[in-house]
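Morning, everyone. Please put it on the screen.

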Amino acid sequence: MTNHNLYAALRGGFPADLDCTAIECADTEGAAGVALHYTWRDLDRGSAMIANLFASLDLPVGARVLVHTDKSVEALMLYLAVLRAGLVYVPLNNAYQASELSYFIANAEPALVVCASRDFGWLSKIAFRAGTAHVYTLDDDRRGSLLQRAAHHPDAQTPALRAADDVASIIYTSGTTGRSKGAMLSHGNLLSNAQVLKTLWGWRSEAEGGDVLIHALPLFHVHGLFVASHGALLNGSKMLWFAKFDARAVTARLPDATVFMGVPTLYVRLLAEPTFDARACRNMRLFISGSAPLLADTFRQFSERSGHTILERYGMSETVMLTSNPYAPVSGRLAGTVGFALPGVGLRVNTAHGEPIGDVEVRGPSVFQGYWRMPEKTAEEFTSDGWFKTGDVGQLDAQGRLTLIGRSKDLIISGGYNVYPAEVEGYLNELPGVEESAVIGVPHADFGEAVIALLVPRAGATVDATACIAALKQRIAGFKVPKQAIVVDQLPRNAMGKVQKALLREQYRALFSH
Ligand code: MLC
């Protein structure tokens, strides 16, 4: 049997000289204040040692490794190790708190959890109670029990035999009504997508001058973990690694890079940075945007300031990347559209009654294997003829170019993070004095959309909006917490009794415009 282990394919992309730099840490220093560099050999050996540690634990086939750590190169090695060991990688946003983690651990039933030392106390309690056998720590300064234990294991390892449709990773995506669903992505899903993008986005070989990617996105989502990391690894290209995005620090390193990937907020922040200009971008080849709609205004301003035309693409956790504006000609990259279906991706707009706008449906080699332990939800999200319903609403032009127009589900995208109003409303409704709530997204210059809440007090009760926000900050990840809460007497409802969110969005759309 051919081994479809994704690591084997990524390893095949490493350069012949394994001792050259694979990753340079741009915002973290090593001992004695020296910039941290990792060679390709370091990535290979480090991930082998962790994979061998996992093998020594005799974890069952398909065991999940749940990861809740800060961004670091060792966290990337951990991901590669999970692939090599043939286990299933389950990354979680490091902003999640105990109530959120409890759900994910109960749902994923991980055999092994890796977390930051600061969270070990509460997180290990949740994990051990749920039956997790091993909890290791990994900090962003190379400390923690994971690396201590891995250090005792050999630094060579043969990637476990995996079939193309074996699950490599589960990425949790929030549900519109219920709790998050785990999208199962296989080794084949991830590799096929990475290979298509390597060609489409013109990743350059060493002979063509090579590429250097600025990696400034989180490692727990499809964008930073798969699109960015796989792109560089598969092409054997160096990464300039930022643990955290900072517009000034990134601008200072742009002259050393050729490729940048970001959510629109990162582009907005680069534009707000006075040192960002065409000179800083002089060696850049490609700026890619995704995960949220890029405003035409940002697209235009960016082009004026930098001389570069952002390439916008479209994807989601369940499918990895689906469409892209053209790499060439640059003039084919249009603001407000997400471009054409990637080679191998089937894309259709399911239009009723001959309307040009409809539900975007897709199929192809990167479409996921289904939701983890939710066969009925999986069935609901596919059409009877096997197309995945993205939940986005769009329009195709005569050439096959897709423009996204809206969403069929109640979803807010804030700074590239998905926020599901129903989840936040659930937490708000539990607060004392709150009868009901409505959470909506309104335009916001930095985050694209900002989460806000309308709160209706119980009869005779008073509700302090600021206190409600403070209470929520103790319970859920900060990016989900409303930036503003407003106390109202009642919520507008339609004849069916449903809250009219479109009306509320209209009413509060200027809340953050100055
Ligand atoms: C942070 N905060 C946010 C936020 N990020 N609030 C709303 N929306 C966000 N996205 C809040 C924190 O809770 C905190 O609040 C305050 O901002 C400062 O936190 P921080 O961590 O210092 O923020 P910052 O570093 O500025 O983060 C902003 C950001 C980050 C834009 C750099 O959000 C980010 O990296 N976003 C990228 C998300 C991403 O990778 N998406 C890809 C999804 S994959 P307080 O109140 O405590 O001060 C996908 C598929 C696809 O969608 O197609 O790609």
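Start at lysine 473. An N or O atom in the side chain of lysine 473 sits 2.9 Å from a ligand oxygen. That is a polar contact, meaning a pair of N or O atoms within 3.5 Å. This is a predicted model, where local features need pLDDT of at least 70, side-chain atom pairs count only at pLDDT 80 or more, and totals for chains, interfaces and linings use all residues. Residues are numbered from 1 along each chain as its sequence is written, and side-chain values use heavy atoms, with hydrogens and water left out.

Next, serine 291. An N or O atom of the serine 291 side chain lies 2.6 Å from an oxygen of the ligand.

How much of the ligand does the protein bury? Alone, the ligand exposes 1,000 Å², and 75% of that is buried by the protein. Those areas are Shrake-Rupley, 1.4 Å probe.

Now the shell. By class: 10 nonpolar, nine polar, five charged. Helix H8 (222-234), helix H10 (264-271) and strand E13 (311-316) each give two or more residues. Helices (H or I, at least four residues) and strands (E, at least two) are DSSP runs, numbered from the N terminus.

Second stop: helix H3, residues 73-85. Its 13 residues should span 18 Å at 1.5 Å a residue, and the end C-alpha atoms are 18 Å apart, so the two agree. The expected span takes 1.5 Å times one less than the residue count. In H3, 12 of 13 residues are buried, that is, under 20% relative accessible area (1.4 Å probe, protein chains only). Among them are Glu74 and Arg84. Just after H3, glycine 86 has a positive phi of about 75 degrees.

Conventions. Polar contact = N/O pair within 3.5 Å; in protein donor to acceptor, adjacent residues only side chain to side chain. Nonpolar A, V, L, I, M, F, W, Y, C, P; charged D, E, K, R; others polar. Buried < 20%, exposed > 50% of the residue type's maximum accessible area, 1.4 Å probe, protein only.
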